[in-house]
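Please read it with the coordinates open.

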Amino acid sequence: MRFMIIVKATPDSEAGKMPEPELLTAMASYHEELARAGALLDGSGLKPSSTGWRVRYAGDGRTVVDGPFAETKELIAGYTLIQVKSREEALEWTRRFPNPAGEGRPAEIEVRQLFELEDFGNGPEIDRFREIGLGDKPA
Amino acid sequence: MSDADVRRAIDAVWRIESARLIAGLTRIVRDVGLAEQLAHDALVAALEQWPAAGIPANPGAWLMAAGRNRAIDHLRRARRLERSHAEIGREREAAARDDAAELDAAIDNDMGDDVLRLIFMTCHPVLPTEARVALTLRLLGGLTTDEIARAYLTTEPAIAQRIVRAKRTLSEKQIPFEVPRGRDRADRLASVLEVIYLVFNEGYTATAGDDWTRPALCEDALRLARVLAGLAPDEPEVLGLAALLELQSSRLRARIGPSGEPILLLDQNRALWDLLLIRRGLAALDRGLATFDLGLTTLDLRLTTFDVSLTKLDRAQRAAGRPGPYLLQAAIAACHARARTAAETDWPQIAALYAALAAAAPSPIVELNRAVAESMAAGPQAGLDIIDRLVHEPALAGYHLLPSVRGDLLFKLGRHAEARAEFLRAAALTRNAREQTLLQSRARACDG
């Protein structure tokens, strides 16, 4: 099972402020623990929304809107992907995630499971994937 | 949190912490069976206290402290049997101080190394292979005896007994708790890699109807390979195995067709290949190649380049400097992974790698795969030259892919009558209905 740990933005992360050494250490240690346990798949910080943009869909049109965006709490500042055998294991790992704003400060992380295709046998998901597949068809 | 929630949370903590806990306790008591017992005692204490007190912020440290205290008690009791009461009275205070300090020092030593020591122990060649597998999955994989039994299609008592016997053997033979060095190291490491690879292959053979614990073995093996790669990052074969398993795992979703039939790599829908795992596999392969300190990456790996670079090393370095079978197999898997379509596969590269693999770890299957690669790189005759030498190979006697490949090459060379015979032979050997149909239609196509 795979889960994404979504680190929500804070005013500091949106300001592009470098995290304090203690936080960097805590984050590094935590991700090392994940890697040592064979559970870490991937992870990255995201640059502030001021460096990004949105594409808005309205009717048939779409417009590009540059950041920054206002709703800091709903913005994403980073993600970590983990692989575990159960939801409970994911829960336990995420419970240990260091406070992304630094100890004692308000912050939030959200955790969501990744969809997986059925590993075996057919099913509507597999069929649809086959239809939009980019792979080479056998000769 | 309900009691059931706490119980499940503690199970999760156990799965995360148990290997390191048992490894650390083995260092103290020098017996893996006793260490597991003490670890379980610590778990029982957790089950008793955590529902009310809550799960501690650092559950691993809590369990280790609980296990260590029980280890101290055990050691003192054992020592007490050898001493008089008077002596004990005098020594008790001094011992209390010494024990704690000594154990603290022992535990503060890199715990990661203890897990490495434990893996070498559970995979010790003195144990039969199936015992190594069971013991490793139990102590390092965190699988329950029941899960191991279901994964290997046997009973829980059978696995339990296998594990008990294994621990007894390790104890009786006084197998030391250490990371092997020197001449022993290569063999002992090969034994560890073999166990992990066997677990992966067992999971790989699982089919759609099987218990979930069987395909899960692939994940269990991949996790162990990653753990090992973290503990021994300078070992090229360890990185090779990790790379190989990441890359093979990347194709797990593409290898089974709608009727449950296996789909060969070249026929797979590459949109179903997991790009994240491919990236991780290529990264592990790069790190494995980097250990040879030749400035090579997967981007420019060609056997000829390797040979040229190797002449720059002195003889001793060269002897140690050849990539081993896992790294080579990973490099082959990487060639496939990097090809966006089957048509873009770098066959000369793969052929060269199979030649190196045939030199490092020769086997009829490697030769067969080499024949396929050579035929793709240099034409059907090149492949046929290799296959013709395999026709009477006893190890491949019942293997339908041998006549199937030979038939394909003969067909491409216009030798249709012989091709037809081979396709029919292959169809008779395979038990898979869809493959049979395919091979029979290929045989019919030879008549046209």
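Predicted model: local features only at pLDDT ≥ 70, side-chain atom pairs only at ≥ 80, totals over all residues.

1. Local features need pLDDT of at least 70, and side-chain atom pairs count only at pLDDT 80 or more. Totals for chains and interfaces use all residues.

2. Sheet order. Chain A has an open sheet of four strands, ordered β2-β5-β1-β6. The pairing is antiparallel. β2 (40-45) and β6 (109-113) of chain A are the edge strands. Each has a single partner strand, so one side of each lacks a neighbour in the sheet. From one strand to the next, the twist averages 15 degrees.

3. Helix on the sheet. Helix α3 (residues 87-95) of chain A packs on this sheet. Its contacts are with β1 (2-8), β5 and β6 of chain A. The direction of α3 makes about 30 degrees with that of β1(A).

4. The β2-β5 pair. β2(A) and strand β5 (residues 76-83) of chain A run antiparallel and are joined by five bridges.

5. Hairpin. Strand β3 (residues 53-58) of chain A runs antiparallel to β4(A), with six bridges between them. Ala58(A) stands opposite Gly61(A) of β4(A). Two residues lie between the strands of this hairpin. Gly59(A) takes a positive phi there, near 60 degrees.

6. Cover on β4. How many of the six residues of β4(A) are buried? The count is zero. Strand β4 (residues 61-66) of chain A is hardly covered.

7. Helix α9 of chain B. Several residues of α9(B) are buried, among them Arg185(B), Arg188(B), Leu193(B), Ile196(B), Tyr197(B) and Phe200(B).

8. Interface. 32 residues of chain A are in contact with 44 residues of chain B. About 3400 Å² is buried between the two chains. Carbon and sulfur atoms give 53% of that area.

9. Charges across the interface. The rule finds eight salt bridges between chain A and chain B. One of them joins Asp42(A) to Arg279(B). The closest N and O atoms of this pair are 3.0 Å apart. The cut-off is 4 Å, so the pair qualifies.

Technical notes. Residues numbered from 1 in each chain as written. Chains lettered and ligands numbered in written order. Heavy atoms only, no water. Pairing = 2+ DSSP bridges. Axes fitted to C-alpha atoms, helices over the stretch in contact; angles between N-to-C directions. Contact = heavy atoms within 4.5 Å. Buried < 20%, exposed > 50% of the residue type's maximum accessible area, 1.4 Å probe, protein only. Buried area = accessible area lost by both parts, 1.4 Å probe. Salt bridge = Lys/Arg side-chain N within 4 Å of Asp/Glu carboxyl O.
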